[in-house]
Amino acid sequence: MTILGIETSCDETSAAVVRDGREVLSCVVHTQPQHQPFGGVVPEIASRCHIRLLPGIVKQAVAESGVGWHGIDEIAATRGPGLASSLLVGWSLAKGLAMRLGKPLRAVHHMEAHLHSVFLDPAAPDPHSVYPMLGLAVSGGHTSLYRMPAFGRLELIGRTVDDAAGEALDKAAKLLGLGYPGGPVIDKLARTCTPHQGIFPEGRIGDHAATGGLNPDLCLSFSGLKTALLRRVETAPPADEAAVAQLACDYQEAVVGAIVRRVEKALNGARYLAVGGGVSLNSRLRTLLADVCRKRGVGLLLALPRHCGDNAAMIAGLAGTGRGILSPAAFDLDIDPSWPSADSVA
Ligand code: KG4
Ligand code: ZN
């Protein structure tokens, strides 16, 4: 099964061709630079860029795959979650292509695809052999923990109640004048320092009502952290670059530490931990997760760096395992910017 995947949920315009869920024949990703001056993604700019660039990127992905249009068996695209106006561009083009080519169309869940990205590494085990698994999706828009008892079954067991981890890092970088996206800059700066524990507070979660019924022990809050950094910068502005680096390092430690503590609590019974999303590139997070997994005898599955951020290979890959909503039902579907999870998808 050779699938053309399309991903436009945020500010990456991407198309890819993947065979049988794992073999990436081509993957073109364009990260839009237009958002940098704003310190965050501007939805209207993002969708306008997708409209301009996506047709060329799709053509390029098909050409680079070497299979040609006749070699594409199915079209898959992200239906949600993500920015509405961005999702509309990719989903509409996917519908049009599937109609024109007379191929099946499949709606794919973006977060489930992030978790599938670990299997695009040829060295990863068979996706059917890793359960029960715990899934951690950490990106600019999401920080979520999924219990995955069997292939294709996802149960959301924890999430952030406010900002996502990537968003918390991006906002801190903006405050410290480090540019956008802030995650990679903070990661680099933090490597030059030794983290101090407990400088920034762990976010208070509240009760089950605040978490939408999820166990508060497995949920996260990052908005208080951001306020704590703001107060600190106002009351004691960092005197030099070294002081900025130390602040960034301590802040990152708080974000990463909070995630790792939730993972530790949720690992019970899991054979593997799969980690996807842009923040999974973070070197400190990778080190701490590796330590925890070693200690607990759990296999750690990390995506290759090129598949950590938003990319269409993970969309075409997940589609190749049979997940998602297939046509004819897919042709009647609208995008879903807050598609809760794909656990009800056959
Ligand atoms: O998955 P992604 O590309 O897009 C979303 O779906 O959000 O993730 C983007 C996020 C940004 O917040 C960015 O700052 C963060 O991933 N990020 C990192 C690193 N590289 C990217 N965060 C921490 N450390 C990194 N090395
Ligand atoms: Zn993403």
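Helices (H or I, at least four residues) and strands (E, at least two) are DSSP runs, numbered from the N terminus. The structure is a predicted model, in which local features need pLDDT of at least 70 and side-chain atom pairs count only at pLDDT 80 or more, whereas totals for chains, interfaces and linings use all residues. Residues are numbered from 1 along each chain as its sequence is written, chains are lettered from A and ligands numbered from 1 in the order in which they are written, and side-chain values use heavy atoms, with hydrogens and water left out.

Three helices, α3 (110–116), α4 (165–175) and α5 (182–190), each contribute at least two residues to the shell around ligand 1. Of the 19 residues around this ligand, those that come nearest are G140, D170, G183, D187 and G278; a residue is near a molecule if one of its heavy atoms lies within 4 Å of it. The shell comprises five nonpolar, eleven polar and three charged residues, where Ala, Val, Leu, Ile, Met, Phe, Trp, Tyr, Cys and Pro count as nonpolar, Asp, Glu, Lys and Arg as charged, and the others, Gly among them, as polar.

A backbone N or O atom of G278 is found 2.9 Å from a ligand oxygen, and a polar backbone atom of G166 lies 3.3 Å from an oxygen of ligand 1. For the side chain of D310, the distance from an N or O atom to a ligand oxygen is 3.1 Å. Taken alone, ligand 1 exposes 560 Å², of which the protein buries 88%; accessible areas come from the Shrake-Rupley method with a 1.4 Å probe.

Elsewhere, six strands form an open sheet of mixed pairing in the order β3-β2-β1-β4-β5-β11; two strands pair if DSSP finds at least two bridges between them. The edge strands, β3 (23–31) and β11 (325–326), each pair on one side only. Strands β1 (residues 2–7) and β4 (residues 74–80) are parallel and share four bridges, and G5 stands opposite A76 in β4.

Most residues other than glycine have a negative phi, and most peptide bonds are trans. The bond from G80 to P81 is cis, with omega near -10°, and P81 belongs to the loop between β4 and α2 (84–101). Another cis peptide bond, with omega about 0°, joins Y131 and P132; P132 is located in the loop between α3 and β6 (133–138). D20 has a positive phi near 50° and lies in the loop between β2 (12–19) and β3.

How values were computed:
A polar contact is a pair of N or O atoms within 3.5 Å; within protein, one must be able to donate a hydrogen and the other to accept it, and residues adjacent in sequence count only if both atoms are side-chain atoms.
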